[in-house]
Amino acid sequence: LGSVVVGSPVISSSATAITLDLTQAGGYMRLTASTAVTVTIPPQSSVAWANNTEIHIEQSGVGAVTVAPGTGVTLNHLSTGTSTIAGRYGVVTIKRVASDVWTLFGALVAA
């Protein structure tokens with residue numbers, strides 16, 4: 001039998017400023033920085049996001065990870081939460097629900 005790949009590819013990064021692109025679409029980002037990280041979702045005019053795109057993001061390092069909308073992008077999340085991952089090994093998902101509209105859910109810091 002051949003090997004079977006199941007799940008999202010893991011993409012590791014120690015960068016502290018990340019602007020998402022199509023290489024992360026459908027992936028699992030493992031962020032290992034020791035200082036604060038900002039992950040920016042660029043608008044549809046910059047990246048041809050497919051309908052229903054999802055990206056999973058793990059804070060693997062000690063640097064706090066915040067997901068930020070780019071210009072013209074709406075980022076929805078629970079009103080009692082922020083867009084920052086709750087802590088080391090916390091995981092969130094962003095899902096494109098419409099053009100330039102994303103929903104963020106998962107292990108988020110409470111507001």
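A residue counts as buried under 20% relative accessible area, exposed over 50% and partly exposed in between, using a 1.4 Å probe and protein chains only. Keep that handy for the legends below. What you are looking at is a predicted model, where local features need pLDDT of at least 70, side-chain atom pairs count only at pLDDT 80 or more, and totals for chains, interfaces and linings use all residues. Residues are numbered from 1 along each chain as its sequence is written, and side-chain values use heavy atoms, with hydrogens and water left out.

View 1. Strands here are DSSP runs of E with at least two residues, helices are runs of H or I with at least four, and both are numbered from the N terminus. The C-alpha atoms fill a box of roughly 50 × 30 × 25 Å along the principal axes. The radius of gyration is taken over C-alpha atoms, and the globule rule is 2.2 Å times the number of residues to the power 0.38. For 111 residues, a compact globule would come out near 13 Å, and the protein's 14 Å agrees with that. Of the 111 residues, 39% count as buried. A contact is a pair of heavy atoms within 4.5 Å. Among contacts with a separation of 6 or more, 60% are between residues 24 or more positions apart.

**View 2. W49 and W102 form an aromatic pair.** The structure holds one such pair. W49 and W102 sit edge-to-face, 5.1 Å centre to centre, with 85° between the planes. W49 is in the loop between β4 (37–41) and β5 (54–59) and W102 is in strand β10, so the pair ties together parts that are 53 residues apart in sequence. For the rule, rings of Phe, Tyr and Trp (its six-membered ring) pair if their centres lie within 6.5 Å; planes under 30 degrees apart are stacked, over 60 edge-to-face, and the rest tilted. Both W49 and W102 are buried.

**View 3. R30 forms a salt bridge with E58.** A salt bridge needs a side-chain nitrogen of Lys or Arg within 4 Å of a carboxyl oxygen of Asp or Glu. The structure holds two of them. In this one, the closest N and O atoms of R30 and E58 are 3.5 Å apart. The pair links distant parts of the chain, with R30 in strand β3 (residues 28–31) and E58 in strand β5, 28 residues apart. R30 is partly exposed at 31% relative accessibility, whereas E58 is buried at 8% relative accessible area.

**View 4. E54 forms a salt bridge with K95.** Here the closest N and O atoms are 3.2 Å apart. E54 belongs to strand β5 and K95 to strand β9, so this pair ties together parts that are 41 residues apart in sequence. E54 is partly exposed, with a relative accessible area of 28%, and K95 counts as partly exposed at 23% relative accessibility.

**View 5. D100 is buried yet has no salt bridge.** D100 is in the loop between β9 (91–98) and β10 (101–106). Lys and Arg count as positive and Asp and Glu as negative, with His and the chain ends not counted. The nearest side chain of opposite charge to D100 is R96, 6.5 Å away. What does the side chain of D100 reach at 2.6 Å? The backbone nitrogen of Q44. Leaving aside neighbours within four places in sequence, D100 is in contact with P43, Q44, G72, V73 and T74. D100 also has a positive phi of about 60°, although it is not a glycine.

**View 6. N52 has a positive phi of about 70°.** Most residues other than glycine have a negative phi. N52 is not a glycine either. Look for N52 in the loop between β4 and β5. Is N52 buried or exposed? With 52% relative accessibility, N52 counts as exposed.

**View 7. V62 is exposed, at 57% relative accessible area.** V62 is in the loop between β5 and β6 (65–69). Which residues does V62 touch, not counting those up to four places away in sequence? They are A33, S34 and R88. From V62 to T38 is 13 Å in space, C-alpha to C-alpha, and 24 residues in sequence.

How values were computed: A polar contact is a pair of N or O atoms within 3.5 Å; within protein, one must be able to donate a hydrogen and the other to accept it, and residues adjacent in sequence count only if both atoms are side-chain atoms.
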